[in-house]
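Hi,

Here's the structure I said I'd pass along.

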Protein chains: 2
Amino acid sequence: MLAYLNGEFLPLENAQLHVSDLAIQRGYGIFDFFRVNERVPLYLEDYLDRFYRSSAIMGLEGVIDRPALKEVVYQLIRRNGMQEAGMKLILTGGYSPDAYHPVKGNFLVSQHPLVLPTAAQVAEGISIITYPYRREIADVKTINYIMGVWLLKKMKEARAADVLYHRDGIVSEFPRCNFFLVTRQGTLVTPANHILHGITRMRVLEVAPSACPVEVRDVRLEEVYEAGEAFLTSTTKGVLPIVNIDNRPVGSGKPGPVTLALRDLLRQRERAELQKSHQVQNS
Amino acid sequence: MLAYLNGEFLPLENAQLHVSDLAIQRGYGIFDFFRVNERVPLYLEDYLDRFYRSSAIMGLEGVIDRPALKEVVYQLIRRNGMQEAGMKLILTGGYSPDAYHPVKGNFLVSQHPLVLPTAAQVAEGISIITYPYRREIADVKTINYIMGVWLLKKMKEARAADVLYHRDGIVSEFPRCNFFLVTRQGTLVTPANHILHGITRMRVLEVAPSACPVEVRDVRLEEVYEAGEAFLTSTTKGVLPIVNIDNRPVGSGKPGPVTLALRDLLRQRERAELQKSHQVQNS
């Protein structure tokens with residue numbers, strides 16, 4: 001498997017960074033992650049928008065310009081020959097002489113097999129727990145997952161598939177996914193603030209108005225327990241139903257009709273996007 | 001300069017980690033940092049206590065046992081031959097196959113020249129700003145400095161030497177230092193909660209009762225602005241006077257008498273510690 005590191009294509013197993021890199025010294029870096037389907041980097045422009053935005057906000061330098069980055073992405077797809085994959089961009093704070101001030105960053109692009117939800121998770125939905133936390137610069141995709149990784153033990157003990165953050169009574173997001181609920185009156189609601197703006201979340205908000213009323217606003221933790229349906233969204237998980245929160249069943253305890261309708265709409269949207277991309281490639 | 005990485009002594013410039021390491025992928029790791037003075041690793045046992053505690057709380061594996069770690073420290077001191085230095089221990093989440101779950105960690109020990117406060121900072125004190133933030137697992141020395149590094153720009157614009165965190169009206173700590181104030185009545189006060197328990201902070205709390213009354217408790221942000229004196233503590237900075245906070249002078253605007261007395265007491269304590277260590281080495 002080929003990767004790209006600082007201007008060079010090389011086998012992924014040879015991609016190393018010196019320990020003075022600010023990711024190792026101070027956990028300072030950003031990343032992004034998108035799917036490759038049928039050799040098409042799905043919604044690439046949206047992910048690149050977010051990646052360059054993260055880079056600018058964190059004051060990071062060292063990423064190549066957009067046409068060059070897209071050329072790297074397409075070359076890796078061609079040369080690695082994977083039909084379906086995840087592709088990850090990482091930009092770190094670089095080899096900092098004082099182990100604190102960022103310098104020219106190290107920039108890595110790597111391709112990986114996709115880890116998708118299990119068939120049972122998709123069909124039956126997942127259980128989640130909640131935890132009081134809010135990411136520090138939530139609308140930037142930093143590499144800081146200290147809390148998310150630390151909570152894996154708690155999740156395992158609770159037999160939960162994910163953990164939903166909240167603070168001051170307001171729900172925000174999962175470590176790697178966005179949160180949606182459907183009220184008992186059938187309105188789709190998702191947190192407006194203290195979140196990473198997921199690309200899949202954006203797609204769901206685009207297709208949802210044809211199916212139900214939509215509200216993007218602060219969501220209180222109590223509302224979560226009273227919801228008729230709930231689900232999470234992410235690049236790899238799509239729309240994944242949530243049927244249990246903190247040991248309380250959500251609505252009927254089964255994936256709800258609005259959730260399933262939105263999952264279908266999201267898949268149709270993806271299908272259309274892929275067909276459009278293939279037509280462009282063939283024209 | 002020699003370093004130690006996963007069982008091997010090697011030149012620091014050759015110490016590299018594969019990009020799958022969880023520090024690079026997810027900012028997941030811990031570290032610690034102590035001073036070497038006159039070839040003595042000052043208060044080594046205290047720093048090792050904290051390092052092993054951090055490792056246990058974060059569920060990290062891969063660090064060698066205490067006698068072996070001490071042997072590495074003393075070998076690096078001997079072989080690198082630096083009289084005065086900083087020494088850093090880093091333990092990461094390891095080469096995680098799924099880039100999320102920790103595995104056997106990568107363990108690094110490296111030695112570095114000390115970066116000390118300038119003579120002007122020590123003599124005249126520093127200016128600081130405040131910022132609303134609290135570290136997520138504050139009593140563990142994780143490598144997450146996303147906020148601290150991100151605030152460097154704001155500090156520079158404000159011509160501030162450091163930034164003091166607070167949340168919900170309660171002051172906690174600096175990114176890399178602890179905070180103390182002296183009330184106008186002459187009582188030394190330092191935050192009790194939401195902090196990393198600094199070794200220098202501990203030493204100051206040990207020597208202070210001979211100089212003034214001491215309170216370890218929650219500290220409100222308003223108290224900070226009303227303080228008669230203020231200072232920070234850290235392994236490299238010792239006791240460093242703070243003379244300006246958010247553009248308001250602290251007390252007289254000059255380093256205060258209690259601050260200077262504590263700085264002297266801390267230095268005496270260090271002197272005694274070094275002499276004790278030399279006697280042990282020579283006996």
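Below is what I found, going from the single chain to the dimer contacts.

Some housekeeping first: this is a predicted model, so local features need pLDDT of at least 70 and side-chain atom pairs count only at pLDDT 80 or more, while totals for chains, interfaces and linings use all residues. Residues are numbered from 1 along each chain as its sequence is written, with chains lettered from A and ligands numbered from 1 in the order in which they are written.

**Chain A overall**

Chain A has nine helices and 17 strands; these are DSSP runs numbered from the N terminus, helices being H or I with at least four residues and strands E with at least two. Its C-alpha trace spans about 55 × 50 × 30 Å along the principal axes.

As for contacts (C-beta atoms, placed from the backbone, within 7 Å), take the pairs in chain A at least 6 apart in sequence: 72% of them join residues at least 24 apart.

**Two domains**

Chain A is split into domain 1 (2-112) and domain 2 (119-270), with bounds from an automatic or database domain assignment. Their centres, over C-alpha atoms, are 27 Å apart. Where they meet, 18 residues of domain 1 touch nine residues of domain 2. On the domain 1 side, β4 (29-37) and α2 (44-57) of chain A each give two or more residues, and β4(A) has the largest share, at seven. That side has ten nonpolar, four polar and four charged residues (nonpolar: Ala, Val, Leu, Ile, Met, Phe, Trp, Tyr, Cys and Pro; charged: Asp, Glu, Lys and Arg; polar: the others, Gly among them).

**Some strand pairing**

Two strands pair if DSSP finds at least two bridges between them. In chain A, β8 (126-132) runs parallel to β16 (238-245), joined by three bridges, with A:Ile126 partnered by A:Ile242. β8(A) also pairs in the parallel sense with β9 (162-167) over five bridges; there A:Thr130 is partnered by A:Leu164. Over in chain B, β1 (2-5) and β2 (8-11) are antiparallel with four bridges, and B:Leu2 stands opposite B:Pro11. Their hairpin has two residues between the strands, and B:Asn6 takes a positive phi near 50 degrees.

**How the chains meet**

35 residues of chain B contact 35 residues of chain A. Elements of chain B that supply at least two residues each include β3 (16-18), α1 (22-26) and β6 (85-92). The chain B side divides into 21 nonpolar, ten polar and four charged residues. The copies meet through the same surface, because 100% of the interface residues of chain B are also interface residues in chain A. β3(A) and β3(B) pair antiparallel over three bridges, with A:Gln16 opposite B:His18.

Cheers

Notes: Contact = placed C-beta atoms within 7 Å.
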